[in-house]
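Please consult the sequence and the structure alongside the text.

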Amino acid sequence: MILRAWLETLLSRLSRSTRRSAAGRLRRTSHRNRIGFAQYAEVLETRTLLSSVVWGGAATTGMQNWATASNWVGGVVPAAGADVQIGAAYSGLTIVSSANVSVNSITSEAALSLTGGTMTIATTLQANHGLTLAGGTLAGGTLNAGTGANAVVATATGGTLNGVTVNADLDLTQVNGVQLTITNGLALNGTAYIGKADGSTYGTLFFGDNSATAQ
């Protein structure tokens, strides 16, 4: 009886010691795991997703204002970073901009007219029905035209290309006294028509600070 009691006491003590030892190992393992995780934690860079903004005005002909919020799906005028889409349903429309505009890109089946302010393009302007400069400025980016369309039509009220690449022609033939100013260089992959070949109209290109002209 004495021996049996002694053995039961010994087994009880050994069992408690084993549980304490296992708990200690678990805490040490957990601590090492936490340290190991911290060593391999990585902070990811912040990224901004570009947003697509679509023209959704009711009119499909005539002239409409770029700055009218109700002309855009969602009721918000495109902001910096936006990719603007103006679809084929609006190919008979002219969209007029007279304020400062800054976007990532534009793809337009409608004709565009800049009557004031500066339209800044970060990447490309695909103007499938042309762009008219009538007092406004196009800044930056690459301007592409649709098949058979002059990318830029200048007017007598003038306009400016500021650091633009133009993959099409410049048309300064529509009326007498057409003016176009070039600042910060121009990459022209096309032809600049400065007046009609028969001499019935003439135009003027100003470069930089207007001290040099081509006519």
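The points below are grouped by topic, after a note on conventions.

The model is predicted: local features need pLDDT of at least 70, side-chain atom pairs count only at pLDDT 80 or more, and totals for chains, interfaces and linings use all residues. Residues are numbered from 1 along each chain as its sequence is written, and side-chain values use heavy atoms, with hydrogens and water left out.

**Open sheet**

- An open sheet is formed by seven strands in the order β2-β4-β7-β10-β13-β15-β17, and the pairing is parallel; strands are DSSP runs of E with at least two residues, numbered from the N terminus, and two strands pair if DSSP finds at least two bridges between them.
- At the edges lie β2 (61-65) and β17 (192-194), each of which pairs on one side only.
- Neighbouring strands of this sheet are turned by 20° against each other on average, direction ignored, where the axes are lines fitted to C-alpha atoms and angles between N-to-C directions run from 0 to 180 degrees.
- Four bridges connect β4 (residues 92-97) with β7 (residues 111-114) in the parallel sense, and Ile95 has Leu112 in β7 as its bridge partner.

**Pairing of β3, β6 and β9**

- Strand β3 (residues 83-86) runs parallel to β6 (residues 105-108), and four bridges join them; Asp83 is placed opposite Ser105 in β6.
- Strand β6 is also joined to β9 (residues 124-127), in parallel, by three bridges, with Ile106 opposite Leu125 in β9.

**Nonpolar core**

- The largest nonpolar core comprises 38 residues, and Ile86, Leu138 and Leu143 have the most contacts inside it; such a core is a set of buried Ala, Val, Leu, Ile, Met, Phe, Trp, Tyr and Cys residues joined through side-chain atoms within 4.5 Å.

- Thr160 belongs to strand β14 (residues 160-167) and counts as buried at 18% relative accessibility; buried means under 20% relative accessible area, exposed over 50%, and partly exposed in between (1.4 Å probe, protein chains only).
- Not counting residues up to four places away in sequence, Thr160 touches Leu133, Gly136, Thr137, Leu138, Leu180, Thr181 and Thr183.
- Gly185, in strand β16 (residues 178-188), is partly exposed, with a relative accessible area of 41%.

Definitions and conventions
Contact = heavy atoms within 4.5 Å.
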